[in-house]
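Reader: Can you walk me through part of this model? Keep it quick.
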Amino acid sequence: MTEKKEEEINNKKERKEEQRNTEKETNSKRERKEEQRNTEEQTISSESPSYTGSRFPTDGPDFSNEISAPYEVPQFPIEQIEKKLAIQRQITVKNKMITKITLKNVPNDVGSESPSYTGSRFPTDGPDFSNEISAPYEVPQFPIEQIEKKLAIQRQITVKVLEDKRSHYEPSLVGAVDEQDHLGMEEHDFVPHFQRVSISGEDTSGVPLEDLEKASRLLITALKLRQTYMDMSHQSFCNTTARFICPESAQHNEIKHDDKQSIEEHGIHPPSRGNPWEAPDIPDNTYVFKAHQGVYHVYVDEEHVQKNEPINYPYPNLETFVTDMNTMCQMIADGPLKSFCYRRLSYLSSKFQLHVLLNELRELASQKAVPHRDFYNIRKVDTHIHAASCMNQKHLLRFIKKTLKNHADEVVTVTDGKQMTLKEVFQSMNLTTYDLTVDMLDVHADRNTFHRFDKFNAKYNPIGESRLREVFLKTDNYLNGKYFARIINEVSSDLEESKYQNAELRLSIYGKNREEWDKLAKWAIESNVYSDNVRWLIQIPRLYDIFKLNKLMKNFQEIMDNIFLPLLEVTARPTSHPELHKFLQYIIGFDSVDDESKPENPLFERDVPTPDNWTDDENPPYAYYQYYMYANIAVLNHFRAERGLNTFVLRPHCGEAGPIQHLICGYMLSENISHGLLLRKVPVLQYLYYLAQVGIAMSPLSNNSLFLNYHRNPLPEYLARGLVVSLSTDDPLQFHFTKEPLMEEYSIAAQVWKLSSCDMCELARNSVLMSGFPHKMKQYWLGPNYTKEGVAGNDITRTNVPDIRVAFRYETLLDELSNIFKAYHKSG
Ligand SMILES: [Zn+2]
């Protein structure tokens, strides 16, 4: 008895221990999971039949990270069950409505052309199945056969592509056929042959009809909202979507598209400008500007000011904006809409995986068929990079050493009324050139900066000395930014040497005083920082609280005055700020920067104090900054367009961290955004960013050091779904190691996420499309026809993006849009 008991107890103990061990193992496993992800992905891919899973693994175990599945949220169990039942009833009643995926073969001899190619993916003869399915041509058992087969197919396709280069095009066969008459889309839908994934059946959304109708109503409201805000501020809105919103506008569409031309006819390199600082010659006028509740109004003269008759430049007032923002906030919280968008996004990912599965070889073949062009010699734009950190750490180190050697006796700063030469500055730090190393510079982000934006900000100071930052990395210092200009010019000439790389550098305007703009322009022109490969954005740090704390200003309006008054003046009277007038032609827009994760109250009511009454010590919320920047830019743009001058766009840092309301502001107010990481958590917004094709400049290496580990970055998922994403570096000084940071960014993305050459070229094409380089330049880079929609706007000899990929993206977008608009029109 006792023995038995003891045994039992022992057994129990053992079992418990075992359990504990397993638990421990699980725990440590969980801990190790992050590092192991890669290995796991491989295992998964070799186990699961969907080999594309390895490419975009996010719908495997990662999925829950990417987006919170709304229908799994425990808050709505009953709704969900009801919904399911409703669907089932619908299906039973309407037998015909069963939707099924059919893989539609294009009625050509595609099938016979490459039978073995699809065959090898899904071979029907039993025993080989499991081996073949995961990457068939890499299975060691049949290496030679497989390789031969692959080569044979590629040869076949290449020959076919070359033979039929012209005859290969025919009118679109896909979707939206009935919409085409309805929406007047007969022209330029010429697309190549490839295997299309299409869905047949009446209702294709997988949610009950009334949910679909309600969802489409909401989505269309949101799309119209963005269109209004973009139109009102001279920013661009996706043409395709615009045509769905207003079919009549298609006829009145004034955009003049140029025709496709070969590289011989229309080169790939734009001719260089003669004197870059030559500015349009326009006469001065006497216009007057007065701020009205935070937004500037333009008056013809003083008389009109007295009569209170401003020129009628439209912009949404604060009340409208707050109402619209609340509408959007409600929308993204709507349960059924969340489910709908989540489902559409999942569908888009899966559709892309099928597309790649079926067409990968064709895409590769058409890339191979293009002479001369490859990933290295297509245009890329670094769409998000800060000027103060655009050089890598080695470059900065070399530059400091060189300057210390050649200009040791130059006076570089004044401290406590005493002039200091560069040599003295270094002596005061007990340093010689020999001592200096990259480690000592200590500007690189490391594991200690993760979720510590404050620490990251401190890294902008070489050797932890703000004095060095001031001497080398500022435009406004004792030397008038001489060294900074020199190092920027070195970066520019590296870009020029690479020929195909371009950058949109951010320079700061703080809004501290009225002279900032003139100083910046003087710096640019005197040190001649112009380069064909560089355009500028103005970043405005959200630092009101700091200025207020230091008693530099009384209210928020002063920041707006300091930023916008000089711009309005120079637009009215170019001779009043001659240098600024010249420099502004190379400024493409505004960025808004700071730590988004700082606590703030993201919602504000319409009774929020206007900027002249914002005397609080606290910083205004993100949305407040964005709205007043947007509204003033809108007025300024109307005025500048009327004067025949270039206009500006808003491209803020948005959705890197902090509340998701930032992303609503981005959606409503800005042409495109930087980061957008948090879209992964908001399906409704993510789907809207897709439908409106809002550009997102993503910097996964920067995120990796600050906010989100690389392997969890949503970029591959966004790309798969067809969001317009591009790769950018953010801060090469802090994040990159090599001489070509942008290539480093592409290289790591390609390796970690197994991007194909086609994916990379698509990212590069996106970066040019969303960049602010002038239309004329883009015509050289992408082809004179690049503004056309779909395949008609692609020139593979310049972009190296296969027509197949462009056609897939375009047709998919048409499908999504017509899905929604069909339901919308049906419901009346
Ligand atoms: Zn940035």
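Author: One definition before we start: two strands pair if DSSP finds at least two bridges between them. Strands (E, at least two residues) and helices (H or I, at least four) are DSSP runs, numbered from the N terminus. This is a predicted model: local features need pLDDT of at least 70, side-chain atom pairs count only at 80 or more, and totals for chains, interfaces and linings use all residues. Residues are numbered from 1 along each chain as its sequence is written.

Reader: Fine. What stands opposite Ile540?
Author: Ser592 in strand 12. Strand 11 (residues 534–541) and strand 12 run parallel, joined by six bridges.

Reader: And how many bridges join strand 12 to strand 13?
Author: Two, and these strands also run parallel. Gly589 stands opposite Val649 in strand 13. Between strands 12 and 13 the chain passes through helix 25 (residues 622–642), a right-handed β-α-β crossover. Right-handed means the path from first strand over the helix to second runs clockwise, with the strands pointing away from the viewer.

Reader: Is strand 12 mostly covered or open?
Author: Mostly covered. Six of its seven residues, 587–593, are buried (20 or more other C-beta atoms within 10 Å of a residue's own, with C-beta atoms placed from the backbone).

Reader: New topic. How does helix 25 pack with helix 26?
Author: At an angle of about 10°, with the axes 9 Å apart. Axes are lines fitted to C-alpha atoms over the stretch in contact, and angles run from 0 to 180 degrees between N-to-C directions. So helix 25 is roughly parallel to helix 26 (angles under 35 degrees count as that).

Reader: Which residues make the contact?
Author: Among them, Tyr622 and Tyr630 of helix 25, and His662 and Leu669 of helix 26. Contact means C-beta atoms, placed from the backbone, within 7 Å.

Conventions
Buried ≥ 20, exposed ≤ 12 C-beta atoms within 10 Å, placed from the backbone. Parallel < 35°, antiparallel > 145°, perpendicular 65-115°, else oblique. Contact = placed C-beta atoms within 7 Å.
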